[in-house]
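Here is my note on the model, written as numbered points. Please keep the structure open beside it as you read.

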Amino acid sequence: MKETASHERPGQRFHNFVSTLERMFAQQDGVTVDSSLRLPDKDTGRLREHDVVIIRRTHHGPNLTAIECRDQGRKVGVPQIEAFAKKCEKTGIHCGIVVAANGFTSTARTKAKALNLTCMDLAEAESFEWIGTVTIVGQFHNFTAIEACVGVVENGRKVTNPSAIYTSDGLPYTGEGIQSLIMDKLSPEARNPTTRQTLNGQIVAPMEELYVIDALGQRFQAKDITCTYALEIEVTERPITLHYYAGESAALEIASGQITFSSGQSTLAFVKSKDGVVGYLVSTGALDHRVKIGNLPERRFV
């Protein structure tokens, strides 16, 4: 059987995982995280790539922290540390961090300290005392069709089409919030399926904050909206993996899981430090996330 060639660069998964973790930790105003960011060399002007760059914006200007991801079969040595330090110096990086999957030689750690670089270990773990068997459950909701009809208070008049719908602020109504209206009207069983399914239905919801202007310029107060829809719900369940993320000044225990949908992706992590356990979520396209611990019922993660 012929194997399909992988287009993923060596170490790319490790790189992506580190980038996702840093995005979770940087969820605050004024901080952004970029992957594979290319910055110009001060001497040659040539663009040089950093695996991950954390940009903190202060009143003094942006402060750049670069992260080098090393997922190699041996420990990181002095040559890799020196090369990264030089790249940081030439590309305007203020702080450098090397994250290694298989650790550092003692001389590499000494050299990193002399060059003001931080060494971080990110290694898989078999178990943590504070968490047992955990599964992340994700749902992706894809509305393949929605038709909406606004009902009005006529008071003896008739709407002459074509007509236009407006919000209470006088702006054209573009359908915002319709998907949420439909989701709120679904039964608990429909909202939380255990397998992939397609739903077809119709809901009626109050919509008194809208009004309609018809072809004759008559204004009508809206009373409700009727939505006919087709909804595909994709359900995926994945185990959570465990990692140590440790350096000289910090030691974290991370339980994380990632789900990839047909048009979305979610990463959920629980991070334990000396201050306790914090949950993080980075998601595109998924409307509902649940966590299943052992034999306990699933719980929604908000």
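Predicted model: local features only at pLDDT ≥ 70, side-chain atom pairs only at ≥ 80, totals over all residues.

1. Start with strands S12 and S13. They pair in the antiparallel sense over nine bridges.

2. Now step back to strand S11. S11 and S12 also run antiparallel, and six bridges join them. Tyr245 has Leu252 in S12 as its bridge partner. The two strands form a hairpin, with four residues between them.

3. Turn to the hairpin of S1 and S2. These strands pair in the antiparallel sense over nine bridges. Pro40 stands opposite Leu47 in S2. Six residues lie between the two strands. One of the residues in the turn, Gly45, has a positive phi of about 80°.

4. S2 also pairs with S3. How many bridges join S2 to S3? There are seven, and the strands run antiparallel. Ile55 finds its bridge partner, Leu64, in S3. S2 and S3 form a hairpin too, with two residues between them.

5. Next, the salt bridges. The count comes to nine. One of these joins Lys90 to Asp43, with the closest N and O atoms 2.8 Å apart. Lys90 lies in helix H2 (residues 78-90), while Asp43 sits in the loop between S1 and S2, so the pair ties together parts that are 47 residues apart in sequence. Is Asp43 buried or exposed? Asp43 is exposed, because its relative accessible area is 55% and the cut-off for exposed is over 50%.

6. Arg109 and Asp121 make another salt bridge, at 2.9 Å from N to O. This pair links distant parts of the chain. Arg109 belongs to helix H3 (residues 106-114) and Asp121 to strand S5 (residues 117-124), twelve residues apart. Arg109 counts as partly exposed, at 32% relative accessibility. Asp121 counts as partly exposed at 22%.

7. Salt bridges that share partners join Glu68, Arg70 and Lys87 into one network. Within it, Arg70 bridges to Glu68, with the closest N and O atoms 3.4 Å apart. Compare the accessibility values of the two residues. Glu68 is buried, with a relative accessible area of 11%. Arg70 counts as partly exposed, at 22%. The labels follow because buried means under 20%.

8. A general point first: rolling a probe the size of a water molecule over the atoms shows where empty space is left. The largest pocket holds about 770 Å³ of space. It is lined by 25 residues, and the closest to its centre are Arg13, Phe14, Asn16, Phe17 and Gln258.

9. Which element gives the largest share of this lining? Helix H1 does, with seven residues. Other elements that each supply at least two residues include S5, S10 (219-239) and S14 (276-284). By type, the lining of the largest pocket divides into seven nonpolar, twelve polar and six charged residues.

10. The second largest pocket has a volume of about 440 Å³. Its lining has 20 residues, and those nearest its centre are Glu22, Phe25, Ile54, Arg56 and Ile97. H1, S2, S4 (95-100) and S5 each supply at least two lining residues. The lining of the second largest pocket divides into twelve nonpolar, five polar and three charged residues.

11. Where does Thr167 lie? Thr167 lies in the loop between strand S7 (164-166) and helix H4 (178-185). Thr167 is buried, with a relative accessible area of 15%. Leaving out residues up to four places away in sequence, Thr167 touches Tyr173, Glu176, Glu209, Leu210 and Tyr211. Find these contacts on screen before you close the model.

Conventions:
Residues numbered from 1 in each chain as written. Heavy atoms only, no water. Salt bridge = Lys/Arg side-chain N within 4 Å of Asp/Glu carboxyl O. Buried < 20%, exposed > 50% of the residue type's maximum accessible area, 1.4 Å probe, protein only. 1 Å grid on protein atoms, 1.4 Å probe; cavity = no way out; pocket = protein on both sides within 12 Å on 5 of 7 lines; lining within 4 Å. Points joined across faces, edges and corners; volume = space filled by probe spheres on them. Nonpolar A, V, L, I, M, F, W, Y, C, P; charged D, E, K, R; others polar. Contact = heavy atoms within 4.5 Å. Pairing = 2+ DSSP bridges.
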